Amino acid sequence: MAKRKQRPFGTIFERNGRWIFTVGLNGERHWKSFDAREQAELYRTRMSLKKQQGEPLDELDPAVQEKRKTTLAEFSKLWLPHVKLRVRYSTYVGYESHVRTHLVPTLGDYPLSKLTRQLLAQFFSDWASGGSDYEERVQRLRDEEERRWQAEQQTARERELRLAELEGRDPWLVDARRRPIRIGNSRGTIQNGLTCLRSMLGTAVEWGYIATNPAVRPAGSTSNTLLPKKDGVTENEIQPLTAEEVEKLLSVLDGTTYLIVATAVATGMRRGELFGLKWMDFDRQQRRLWVRRSVDRRGTFQEPKTRRSKRQVGVPPTLVQALLEHRMGSMFKTDNDLIFPNSRGLPASGENFCRREFRPALKKAKVPQVRFHDLRHTFASLLIEQGVHMKTISEALGHASIQITMDRYGHLYEQAATDAADELEAVVFKAPVTALAEARRS
């Protein structure tokens, strides 16, 4: 008996010079037109193959197609309230800033389905180089700040005129405060922008707005081609201080400022973890500090960043003695008091500390203008130089996995291995280490 020929998927016909593909699915008739018959045939073949493999025919679903028309600006209004309830407050503040300042102004009018890796690569390249789109965003913020200042200035003058009239005096000259425009294109800022965009588009995939996330590197790729290299620097750029630079920095500090910076370098704690320390977390006998909480920008206590961020960190004897002396001279010394509080015993502002104490100290010590977070990288790099195992460093830093530590500091281990080989060369083959170092630099 002859095998019955399988009917083709859908129908193709010509109408008014256009080739129409039509198919009935779930009691509904779907239509799509093309310029040439070959295009219609190719589309039918693709749809037929997806149907045989059990994949959803999103192209034929009007609801899905309507979602695909959603622009990034429209989706961001859905995503930000969603993500606000699922991340730390400081993370949300960063996301909202990147969306408002960078992503929506340049990419906001693009439908989510039109965001390609090529488009995103061009966006981040322009951002990194300070191109025309970046300059346009900067100018837009300046214009907004000028309008805000003028409105506030007008309000302040009108208020002063009314007050002067009531008090029977001449009005005083008032001047509203201008706010500085902070919009950067450092590598860290751009990396944070990519993280925000990747998270947003990941949610778009999860909710069915797009099929794939263009901000995620393709399977098998070893580098993130969305971020351009800058002056030969790798993607995971860090700026640790050397031991000599740490010594210079500490030499210009005293009091609580000295102790905060020294603790950061000696323990590798994050800024929020450091300002969240209480005296109950200090074990003088075992020479340990326990990380049990963190402080966000609002001065609110919260859980540490990851599950493994709850940890104990060893403390050098000199720092133990300095902490004991600090406790003796502090107004807040009970177990439930903070180690580094403000004048009222409440969580101190990390941002204020960096602006008023840390950055001026870097200038005074004439060392690189690093971030406070780079003291954490300094802690890791100094341990690597001492030959400490990566797993030990990972546990001290509270990383979620050792892979994170390897990705971030692996290149420092490679240099440490080279230095160790040079030391062995000097011992076994009697070669001067200075000559080896000069040869390596050349």
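**Entry 1: Trp-290 and its sheet**

I looked up Trp-290 and found that this residue stands opposite Gln-312 in β8; strands, like helices, are DSSP runs numbered from the N terminus, with at least two residues (E) for a strand and at least four (H or I) for a helix. The model is a predicted one, in which local features need pLDDT of at least 70 and side-chain atom pairs count only at pLDDT 80 or more, while totals for chains, interfaces and linings use all residues. I number residues from 1 along each chain as its sequence is written, and side-chain values use heavy atoms, with hydrogens and water left out.

I then followed strand β5 (residues 288-291), which pairs with β8 in the antiparallel sense over 4 bridges, where pairing requires that DSSP finds at least two bridges between two strands. The sheet here is open, has 3 strands and runs in the order β4-β5-β8 with antiparallel pairing. Because β4 (282-283) and β8 (311-314) are at the edges and have a single partner strand each, one side of each lacks a neighbour in the sheet.

**Entry 2: the sheet of β1, β2 and β3**

I noted another open sheet of 3 strands, ordered β1-β2-β3, again with antiparallel pairing. Strand β2 (residues 18-25) pairs with β3 in the antiparallel sense over 7 bridges, and I recorded Ser-33 in β3 as the bridge partner of Ile-20.

**Entry 3: α3 against α4**

I checked how helix α3 (residues 72-84) lies against helix α4 (residues 89-107): their axes come within 11 Å and cross at roughly 175°, the axes being lines fitted to C-alpha atoms over the stretch in contact and the angles running from 0 to 180 degrees between N-to-C directions. The two helices are therefore roughly antiparallel, a term for angles over 145 degrees. Among the residues that meet, in contact meaning heavy atoms within 4.5 Å, I listed Trp-79 and Leu-80 from α3 and Tyr-95 and Val-99 from α4.

By class, this contact has 11 nonpolar, 1 polar and 2 charged residues; Ala, Val, Leu, Ile, Met, Phe, Trp, Tyr, Cys and Pro count as nonpolar, Asp, Glu, Lys and Arg as charged, and the others as polar.

**Entry 4: the chain overall**

I counted 16 helices and 8 strands in the chain. Of its 442 residues, 39% count as buried, that is, under 20% relative accessible area with a 1.4 Å probe.

Notes:
Parallel < 35°, antiparallel > 145°, perpendicular 65-115°, else oblique. Buried < 20%, exposed > 50% of the residue type's maximum accessible area, 1.4 Å probe, protein only.
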